[in-house]
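Colleague: I would like to go through this model with you. Could we begin with the terms and then turn to the chains?

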Amino acid sequence: MAKSDTNLSTLVRQAERPHRWEQQLDANMTEEIVDMLLGYEPFASMDPSRFPSGTPLREILRFDTAVRTFDTGEIVIRKDDYGTSAYLVLDGEVDVVIRPEIDPRLLGRAPSVKKGFIARFAQLWNNNREPEVWNKKSRRSNDSYNTESGSVYLQDYPRVVSGSQTATLGAGSMFGEISALSRMPRTATVVASSPNTRLLEFSWEGLRDIMKYDPALKARIDKIYRENSLKSFLSNHPLFSHLDEHSYRELCDAAQLETFGDYNWSGAYKRLAKDGNASTSAHEPIIVKEGDYLNGIHMIRAGFCRVSHKYGGGERTLNYIGAGSVFGFEEIAQHWKNTEQSLQSTHTLRSLGYAHLIFIPTAALEKFANRKWAEQQLGKVSLPEPTIADSDETDEAPSAGLMEFMAEHRFLNGTKSMVIDMDRCTRCDDCVRACASTHDGNPRFLRHGPIIDNLMIANACMHCIDPVCMIGCPTGAIHRTSFGGEVVINPDTCIGCGACAANCPYDSIRMVEVRSKKGQFLVDEDFQPILKATKCDFCVEQTSGPACVNACPHDALSRTNLTRITPLTQWLKRK
Amino acid sequence: MAKKKIEIVRRRIVGLLLTTLLVVALFVAYANTFPHYPRHPYLTGWLLFGVMLFLTFFNLRKKIPFLRFGSSTFWLQLHVYVGLISGAIFLVHSGFSWPHGWLNQIIATCFTIVFVTGIIGLWISREFPKRLTVAGFETPFERIPHVRNHLRKEAEALILTGADGQTSPVIADFYTKKLGLFFTRHENFLSHLQRSRTAQASHQSQFDEMMRYAKKNEQDLLNKLADLVEQKHLLDYQYALQVSLRVWLFAHIPLSYSLLILSVMHIIVVYSFSGSAP
């Protein structure tokens, strides 16, 4: 026994097991503040005994919340930003700006500044000779938060909102929770409207846990969601767009909200990819299993799902579907037409990464759905059968291999993915040179990446529909442009933490050590190099669009929306 | 697929037809009209110079991707068809004969090389990418030395570690004599261009022979080594084709600029000595 113990000690080394609360959301959060918070609603009414010993309410408050103070006119959240926090008003008031929206320039945003004719020409000789020169004045700095304080103030706030319809939220009100939980952009701008407004910020993990163990808060957030977001979502779908106010209320009450997969799925995906398991669907949570009784439809609100069916000993991917898609509709509509037809699911639906869905039970569907429209759609929405051998065999369906490839690499997330036809690409790197010439001499992508048949998906930012890179950016330096929706990085506010690069599932963000114009590496007071995150910005500053596409003389390169397979198959079949 | 192919063929037929039409029109004019117009070399000369300027502009267009001047693909197609027409203009301009005088001969030589390298380049650009795609082991050109070095280190580590912790002298000798150099430099450039598999077959037979003398665990080692050799062949194939995809431009582009300079000299000389030129 002693011998085996000795052997064990040579193989292992004791280390502290990592735990969830390594870091506090706010380092200044103390036990006294937690005591104070427990006196506020809704925490005062919560039963601490409902929380498990591993995640007690006190600890959630201590580690996953922060008390923030805002002055009048200070923006708390901006419309269309991606955020992972929800807020509870402790003291004071905030205004939710409903319409018209505040001028983007006042919110710290402005249209991306395009280079003028002379400035564009000057790129021929003005680019720095040294790589990665950090020129503070060189880039758009007006599309993000103020660099000094990390916040934006609306000067002369009463005048700015005087023409806008606003809703005032007082102590005890919550906002931002839907966006945080469903990883959708903020739907409104919220501004502090009284001095010293104190807000409690929840991280999404904290909010999720409190909702899990406190049914009252869950019911409250569900109610807010059903009253606001859910109604808006359902009324935009042709199946339900004909309903009146009362029917919407009933439908929203019947609908069930479902969330599958990890919120920050990139980490888990990277581990799977590293172990070579990303191609199998076994790790993906099943939402509907093939052969199961279909008791309703699943409407995808955010994220992606894989649709597959059994084939031989395995499963074959037929399609991947994203926000706005409906699963199970075809079978149910067929059943309406022919009641003898069974109501079994003919496919399996799995969450790819993270998916937020709305489930409408069959009973509610039968009561509220527009049957006439549904029957008209029969046959139009059926899933194409991929061919096994070769996509060239049919003009309509993508090859099975291509579908598996897209799902395995999660490329379905990209709205502007760089796809290269390797049968045409002469490897001349004109695209890389063009990229460098429009980015101060530094190319912002690698002409390299996974290949299937003659298709390469290059290592360039895909400007994802679900930009996980934006989760956790402490300064908001990585953000979507207000107008085109491209994901860009403001180099002036990037602190080089590398969170975005670590989160990007496609390794499309590179951390670089910046230099002075003379080529000297810039270092901080501890002589550590100053890092900046860099990636493709889709040439937002150029009027001629992406330089890589313009430069390719062989029509081998395109920026394609991969959230649907059709644009890619059409491009592959072009000319 | 059928539609795609039909569209490509249709576009090429239209382009070639137009080009042929222009070339035929030029030759007809040369045969019928030009004999009545003795100063036609001035006309065709300026036309040729203009066409050469246009063709050279394609390279400049590639350097300014940030301006809206039509896509590079469109410019390349124009470059190809106008380049073909330039050959016909050159023939007409020179009266279908090799010119006299050293300057004119240098110009004619330059033009011929630029024209021929253009045709070869076009063929390479259309043919080699497909071959590279089919071959696999896609490696960016700049990374080829690094990958080669990596393969060499892996092979050496295999040999040094040996089958059971001890280096087999037979296998080490085989590696030193037959594979040492192979892993340190690019080999079989021409045979790869010709798609010959002689070198691979030769290595395969050497491995087959070695297998006869190897123990079971040494055979596993040899199999791993054979995999590395196969990868090195693929890397050499990538190198040979990617070099070819680039190297023709080193003749085509500098000579195009030289041709422009020589043409300006030619124009000056012609006007200096032609007396009553128009």
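Modeller: One term is needed at the outset: two strands pair if DSSP finds at least two bridges between them. Please also keep in mind that this is a predicted model.

Colleague: Which residue stands opposite Arg68(A)?

Modeller: Arg68(A) faces Leu199(A), which belongs to S8(A). Strand S8 of chain A covers residues 197-203, and its antiparallel pairing with S1(A) runs over six bridges.

Colleague: What is the order of the strands in that open sheet?

Modeller: The order is S1-S8-S3-S6 in chain A, four strands with antiparallel pairing.

Colleague: Which strands stand at the edges, and why is one side of each left without a neighbour in the sheet?

Modeller: The edges are strand S1 (65-70) and strand S6 (174-175) of chain A; each has a single partner strand, so one of its sides has no neighbour in the sheet.

Colleague: Let us move to Val96(A). Is it buried or exposed?

Modeller: Val96(A) is buried, because 20 other C-beta atoms lie within 10 Å and a residue counts as buried at 20 or more. Val96(A) sits in strand S4 of chain A, residues 94-99.

Colleague: What is Val96(A) in contact with, leaving aside its neighbours within four places in sequence?

Modeller: Its contacts, with those neighbours left aside, are Thr166(A), Ala167(A), Leu169(A), Phe175(A), Ala188(A) and Val190(A).

Colleague: Which residues have the most contacts inside the largest nonpolar core?

Modeller: They are Cys305(A), Tyr320(A), Met406(A) and Cys548(A), in a core of 88 residues. Strand S14 of chain A (residues 348-361) supplies the largest share, seven residues. Domain 2 (236-377) and domain 3 (409-572) of chain A each give this core at least three residues. Apart from it there is another core of 32 residues, including Leu57(A), Phe63(A), Leu169(A) and Phe202(A). In soluble globular proteins, nonpolar side chains tend to be buried together.

Colleague: What does Cys548(A) touch, not counting residues up to four places away in sequence?

Modeller: With those residues not counted, Cys548(A) touches Met418(A), Cys431(A), Ala434(A), Cys435(A) and Leu557(A).

Colleague: Turning to chain B, what does its secondary structure come to?

Modeller: Chain B has nine helices and zero strands. Of its 278 residues, 19% count as buried. Its radius of gyration is 27 Å, whereas a compact globule of 278 residues would have one near 19 Å. Its C-alpha atoms fill a box of roughly 90 × 50 × 40 Å along the principal axes.

Colleague: How is chain B divided into domains?

Modeller: Domain 1 comprises 2-124 + 251-273, and domain 2 comprises 141-242. The centres of these two domains of chain B, taken over C-alpha atoms, are 47 Å apart.

Terms used
Residues are numbered from 1 along each chain as its sequence is written. Chains are lettered from A and ligands numbered from 1 in the order in which they are written. This is a predicted model: local features need pLDDT of at least 70, side-chain atom pairs count only at pLDDT 80 or more; totals for chains, interfaces and linings use all residues. Domain bounds come from an automatic or database domain assignment. A nonpolar core is a set of buried Ala, Val, Leu, Ile, Met, Phe, Trp, Tyr and Cys residues joined through C-beta atoms within 7 Å. A residue is buried if 20 or more other C-beta atoms lie within 10 Å of its own, exposed if 12 or fewer, and partly exposed in between; C-beta atoms are placed from the backbone. Helices (H or I, at least four residues) and strands (E, at least two) are DSSP runs, numbered from the N terminus. Two residues are in contact if their C-beta atoms, placed from the backbone, lie within 7 Å. The radius of gyration is taken over C-alpha atoms; the globule rule is 2.2 Å times the number of residues to the power 0.38.
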